Amino acid sequence: MDLRAFIGPGVHPVFLQGDSCQQEPWGHVLSRPNRPLSWLVRDCPSPGSQIAISLSLPDFSLDPDGSLCPKSGALARVVLLGLIKKSRPLEGAHVLKFTSLMRVLD
């Protein structure tokens, strides 16, 4: 899944799957024009570990078949499963690199 097609520029909160959106986000994905996505998280998962995260996509909705479609004012929540390649510290946070990142249809 190419998330850049669905995420506009800015900082978007990321939650560990199962966490409530009422809590603090586990991390953020930073989207900048002409740059790869940056994944900034509080906790440092070990390389090789697999995590399930949820991400809200503003101005998209989910069709009954699970596909994403543009819809002004809507908010679609998607679940992603990622395999951690590595992480590096950055000012009290960690930047993640994924070996693989895929969407999980529920």
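Which residues does L96 touch, not counting residues up to four places away in sequence? In this predicted model, L96 touches W26, W39, V41, P45, I51, I84, K86 and S87.

## Nonpolar core

L96 is also one of the residues with the most contacts inside the largest nonpolar core, together with W39 and L55. That core has 20 residues. Four strands, β3 (38-41), β4 (50-62), β5 (68-90) and β6, each supply at least two residues of this core.

In soluble globular proteins, nonpolar side chains tend to be buried together.

## Strand pairing around β3

Strand β3 is joined to β2 (residues 27-31) by 4 bridges, and these two strands run antiparallel. Within this pairing, G27 has V41 in β3 as its bridge partner. The hairpin of β2 and β3 has 6 residues between the strands, and N34 in this hairpin takes a positive phi near 60°.

Strand β3 is also joined to β6, here by 3 bridges, and this pair runs antiparallel as well. L40 stands opposite V95 in β6. V41, the partner of G27, is among the residues that L96 touches.

In a regular strand the side chains alternate between the two faces of the sheet.

S31 is found in strand β2. Is this residue buried or exposed? S31 has a relative accessibility of 5% and therefore counts as buried; the cut-off for buried is under 20%.

Not counting residues up to four places away in sequence, S31 touches R4, I7, G8, P9, G10 and L37. The C-alpha atoms of S31 and H12 are separated by 8.0 Å, with the two residues 19 apart along the chain.

## Largest pocket

The largest pocket holds about 160 Å³ of space. Its lining consists of 11 residues, and P36, L37, W39, F98 and L101 lie nearest its centre.

Which strand gives the most to the lining of the largest pocket? Strand β6 (residues 93-104) does, with 4 residues. By class, the lining has 8 nonpolar and 3 charged residues, and no polar ones.

Methods: Residues are numbered from 1 along each chain as its sequence is written. This is a predicted model: local features need pLDDT of at least 70, side-chain atom pairs count only at pLDDT 80 or more; totals for chains, interfaces and linings use all residues. Side-chain values use heavy atoms; hydrogens and water are left out. On a 1 Å grid over the protein atoms alone, a cavity is a set of points where a 1.4 Å probe fits but cannot get out, and a pocket is an open set with protein on both sides within 12 Å along at least five of seven lines; lining residues have an atom within 4 Å of a point. Grid points are joined across faces, edges and corners, and a volume is the space filled by probe spheres set on the points. Ala, Val, Leu, Ile, Met, Phe, Trp, Tyr, Cys and Pro count as nonpolar, Asp, Glu, Lys and Arg as charged, and the others, Gly among them, as polar. A nonpolar core is a set of buried Ala, Val, Leu, Ile, Met, Phe, Trp, Tyr and Cys residues joined through side-chain atoms within 4.5 Å. Buried means under 20% relative accessible area, exposed over 50%, partly exposed in between (1.4 Å probe, protein chains only). Contact means heavy atoms within 4.5 Å. Two strands pair if DSSP finds at least two bridges between them.
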